[in-house]
Amino acid sequence: MNAVPAGAPLPPPPPPPPPASSAVGDPAFVADATVVVQRVSVWFGPKVALSELSCSFGPGVTGLLGPNGAGKTTLMRALTGMLPVNEGQVRVLGRDPRRDRAVQRSLALVPEDEAVPGALTARQLARYRASLHRVADRTLPDRCLDTVGLLEVADRRLGEFSKGMRQRAKIAAALVSEPQVLVLDEPLNGADPVQRVALIGLFHALGDQDRTVIVSSHVLHEVERLASRQVVVIRGRLAAAGDHHAIRDSFADRPRAVSVRTPQARELAARLVAHEAVRGVTVDGSTVVISSPRAGELAELLPAVARDVGARLYEVRPLDDSLESVFRELLR
């Protein structure tokens, strides 16, 4: 339970917990996991926030998705040891973040809520965190503030900052300890478009340094740019995991819309409309839009019909192959 001074190597971790039975071949798990969640349940009185949730996170950037009240913030607080779990276990770098203080030096949380005193300046916040973690490099707080574009206003009080600036100040403070695992709850909230691009670039750079970066966001099209892998939590349970293309492709029996560009648009449409796997077809010039209740069957049907009518397919593009469409499907 003793704290480890900054710069000192972590002692060997305790023996790892037995792997979850679903880990092999399961997209919810990664081979090089630094954070492992096994059958975790958390409840507050009669309200169940997380229910038997299992997944893992590894180096790089992972998006944590879910609607309001899904359990994302509860999971993040459990990952960082701020919240005990009622059942199951969480391991960060092989340790229990709730009980083993040694791991806290390698772990940082940027909460969504306003967790900073408005009377402090951005520089004071960064230096305070540096002192808590016994960071020897006195230039590091200013360098972290510069990284998020706040060095020029570092002596302004946080209470005078906009929402986006306060978020960046919290990120700078989290980076001061140079964490191996960085957990960010809605870090893009309040940021303007330029700041969003800069922060996304920063998170990618951290992931490229083999750090584990877990980012929650409700801005779905940004998560597609931000994270190559997503973990989706709905109603406290794991709903899906993987990149958004893989998640979408797993719904073979769900409705799907596909745009096809071909000079033989009318011939292709006339033949397709008769099939049970096709719900509707519209033609606009050389473009055919096909709606199907069974995406798996459509994937086999389309090339066969095109071959039969002699249609040359110049483009086949799913219209709903985006994170937004995945999310709509999961919420049904």
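Predicted model: local features only at pLDDT ≥ 70, side-chain atom pairs only at ≥ 80, totals over all residues.
1. Strand E2, residues 47–57, is mostly covered, with eight of its eleven residues buried.

2. Strand E2 has strand E1, residues 35–44, as a partner: the two run antiparallel and are joined by seven bridges. Within this pair, valine 40 stands opposite leucine 53 of E2. The hairpin that E1 and E2 make has two residues between the strands, and glycine 45 in that hairpin takes a positive phi near 60°.

3. Cysteine 55 is buried, with a relative accessible area of 0%. Cysteine 144 is buried too, at a relative accessible area of 6%. On disulfides, a search of the whole structure finds zero.

4. Elsewhere in the chain, six strands form an open sheet with mixed pairing, and their order is E5-E6-E7-E3-E8-E9. Strand E5 (107–110) and strand E9 (237–242) stand at the edges; each has a single partner strand, so one side of each is left without a neighbour in the sheet. From one strand to the next, the twist averages 15°.

5. Leucine 107 stands opposite valine 181 of E6. As background, strands of a sheet pair through backbone hydrogen bonds, either parallel or antiparallel.

6. The buried residues are Lys72, Thr74, Leu75, Met76, Ala78 and Leu79. A lysine is therefore on the buried list, where buried means under 20% relative accessible area. After H1 comes glycine 81, which has a positive phi near 80°.

7. For the chain as a whole, there are ten helices and 13 strands. Of its 332 residues, 48% count as buried. Among contacts between residues at least 6 apart in sequence, 68% join residues at least 24 apart. The accessible surface of the chain comes to about 16,200 Å², and carbon and sulfur atoms account for 51% of that surface.

Methods:
Residues numbered from 1 in each chain as written. Heavy atoms only, no water. Buried < 20%, exposed > 50% of the residue type's maximum accessible area, 1.4 Å probe, protein only. Helix = DSSP H or I, 4+ residues; strand = E, 2+ residues; numbered from the N terminus. Pairing = 2+ DSSP bridges. Axes fitted to C-alpha atoms, helices over the stretch in contact; angles between N-to-C directions. Disulfide = S-S within 2.5 Å. Contact = heavy atoms within 4.5 Å. Areas by Shrake-Rupley, 256 points an atom, 1.4 Å probe, with all protein chains shown as cover.
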